[in-house]
Amino acid sequence: MSDPALFINQVERRYKQGDNELAILRGADLAVWPGQSVALIAPSGAGKSTLLQIAGLLEKPDGGEVYIGQAPTSHLDDEARTSLRRLDIGFVYQFHHLLPEFSAAENVMMPQMIRGLSKKVARERSLELLTYLGLGEREKHRPGELSGGEQQRVAIARAVANGPRVLLADEPTGNLDPRTADHVFGALTDLVRFSGLAALIATHNMELARRMDRRVTLRDGKIVELE
Ligand code: ADP
């Protein structure tokens, strides 16, 4: 088997609450392989967002290590973390966070141009992704002219625009009606398989979670594999 694209190793995270310390992650371990989608299902407050923030290098753990590809990340400075995040990690949130004054295609071009690709290359890649996600005809529309499901598919295209190794999503369909959620979710998992991404997706939707390759939960600050 190939190496994991994301490896969370013995990760610890504690928050101070007054005089108390709240240990949210206590030696969390998780490996996700390329092309694999993993559902993270746990009650509110269990530490899902904390884990995703740490996996996405947005927060530093108090202990342990996060490997992206084979590379450890804890020794990196902020600039190196930002650069790694830009290239290797895509995020999808519950709300799309698209820029309202730009078209769908421009929103997907943005991260590529920040990375230094030419407008032409970024545009081609954007159209390819939007077409793959069934939005080829919508490329000129602004977010306000798109449905909730379409907006979320544009957000997915933007998240994978730079061809990351890892896709992290926090309730990506939580804001959509069941049918639209089903559709967006299908597009997301197809993309994961097709592009060899490793995806970690927090969701409350058991039906969608069942369609992913693996399901895990957080119990006492550790990752536990579900059936
Ligand atoms: P989930 O995403 O599973 O709902 P979170 O990771 O958001 O859980 O939060 C886990 C716990 O950590 C919660 O009890 C929350 O209140 C606490 N927490 C999260 N972030 C902070 C913070 N920056 N400071 C203090 N406590 C926090």
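Author: One term before we start: contact means heavy atoms within 4.5 Å. Also, this is a predicted model.
Reader: Okay. Where does helix α2 lie, then?
Author: Helix α2, residues 78-88, lies across β6 and β7, and runs at about 70° to β6.
Reader: What's the strand order in that open sheet?
Author: The six strands go β6-β7-β8-β3-β9-β10, with mixed pairing. β6 (89-92) and β10 (222-225) stand at the edges with a single partner strand each, so one side of each has no neighbour in the sheet.
Reader: And in what sense do β3 and β8 pair?
Author: Parallel, over four bridges. Leu40 has Ala202 in β8 as its bridge partner. On this sheet packs α1, which touches β3, β6, β7, β8, β9 (214-219) and β10.
Reader: Switching topic: how many residues has the largest nonpolar core?
Author: It has 35 residues, and Val108 and Leu129 are among those with the most contacts inside it. The largest share, seven residues, comes from α6.
Reader: Which residues does Val108 touch?
Author: Leaving out residues up to four places away in sequence, Val108 touches Ser126, Leu129, Leu130, Val154, Ala157, Arg158 and Ala161.
Reader: Last one: is Pro43 buried or exposed, and why?
Author: Pro43 counts as exposed because its relative accessibility is 56%, and the cut-off for exposed is over 50%. You'll find Pro43 in the loop between β3 (37-40) and α1 (48-55).

Methods: Residues are numbered from 1 along each chain as its sequence is written. This is a predicted model: local features need pLDDT of at least 70, side-chain atom pairs count only at pLDDT 80 or more; totals for chains, interfaces and linings use all residues. Side-chain values use heavy atoms; hydrogens and water are left out. Helices (H or I, at least four residues) and strands (E, at least two) are DSSP runs, numbered from the N terminus. Buried means under 20% relative accessible area, exposed over 50%, partly exposed in between (1.4 Å probe, protein chains only). A nonpolar core is a set of buried Ala, Val, Leu, Ile, Met, Phe, Trp, Tyr and Cys residues joined through side-chain atoms within 4.5 Å. Two strands pair if DSSP finds at least two bridges between them. Axes are lines fitted to C-alpha atoms, for helices over the stretch in contact, and angles run from 0 to 180 degrees between N-to-C directions.
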